Amino acid sequence: MVNADLTSVKKGFNQDLFLALNPPFPKVKVLQFDGCRKGDTVSLKLDFLVFSQVWASHIIEEEFTDQSWYFVDRGVTLPFFLKSWKHKHLVKKKGIQSLVIDNINYTTGTVLTDLLMLPVLYLQFLYRKPIYRKHFRF
């Protein structure tokens with residue numbers, strides 16, 4: 001839950017927030033950030049110290065109503081450890097506040113590595129919660 005209305009949260013989903021949401025490791029360099037609208041592209045270089053990987057996603061859906069806003073990014077160029085990625089960023093109006101929800105579908109190629117990746121992703125998205133609250137403190 002963040003202390004901002006739905007429209008403010010939508011406006012605040014920008015490159016500054018995107019960079020703030022990235023954990024300390026791996027280091028991230030933005031190669032392209034068009035935004036969060038359908039047809040936009042976000043491309044990153046992930047620096048793992050001894051090697052780097054490019055991650056590019058296309059925004060394939062977006063919808064804004066008086067009760068919610070969402071956009072969906074689908075990975076088109078992924079790090080070697082991911083075979084597919086689809087991430088729905090959902091923001092729901094809750095009175096004068098907003099609830100930010102991340103719904104992720106991914107595969108690494110095997111059930112075992114999918115299960116091993118789950119706690120890593122869980123911690124990465126848990127890391128985002130205080131950043132959202134700080135960023136949207138109006």
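This is a predicted model: local features need pLDDT of at least 70, side-chain atom pairs count only at pLDDT 80 or more; totals for chains, interfaces and linings use all residues.

Reader: What makes the contact of E62 with K10 a salt bridge?

Author: The closest N and O atoms of E62 and K10 are 3.7 Å apart, and the rule asks for a side-chain nitrogen of Lys or Arg within 4 Å of a carboxyl oxygen of Asp or Glu, so the pair qualifies. The two residues sit in distant parts of the chain, E62 in strand β3 and K10 in helix α1 (residues 6-12), 52 residues apart. K10 also has a relative accessible area of 29% and is therefore partly exposed.

Reader: How many salt bridges does this rule give?

Author: The count comes to 3 salt bridges, among them the one between R128 and D102, whose closest N and O atoms are 4.0 Å apart. R128 belongs to helix α3 (residues 111-135) and D102 to strand β6 (residues 97-107), so this pair ties together parts that are 26 residues apart in sequence.

Reader: Why is R128 called buried, and why is D102 called partly exposed?

Author: R128 has a relative accessible area of 8%, and buried means under 20%, so the label follows. D102, with 22%, falls between that limit and the 50% above which a residue counts as exposed, and is therefore partly exposed.

Reader: Turning to the aromatic rings, what makes the pair of F18 and F33 tilted?

Author: Among the 12 aromatic pairs of the structure, F18 and F33 have their ring centres 5.5 Å apart and an angle of 40° between the planes; since under 30 degrees would be stacked and over 60 edge-to-face, the pair is tilted. F18 lies in helix α2 (residues 15-21) and F33 in strand β1 (residues 27-33), so the contact joins parts that are 15 residues apart in sequence.

Terms used: Residues are numbered from 1 along each chain as its sequence is written. Side-chain values use heavy atoms; hydrogens and water are left out. Rings of Phe, Tyr and Trp (its six-membered ring) pair if their centres lie within 6.5 Å; planes under 30 degrees apart count as stacked, over 60 as edge-to-face and the rest as tilted. Helices (H or I, at least four residues) and strands (E, at least two) are DSSP runs, numbered from the N terminus. Buried means under 20% relative accessible area, exposed over 50%, partly exposed in between (1.4 Å probe, protein chains only).
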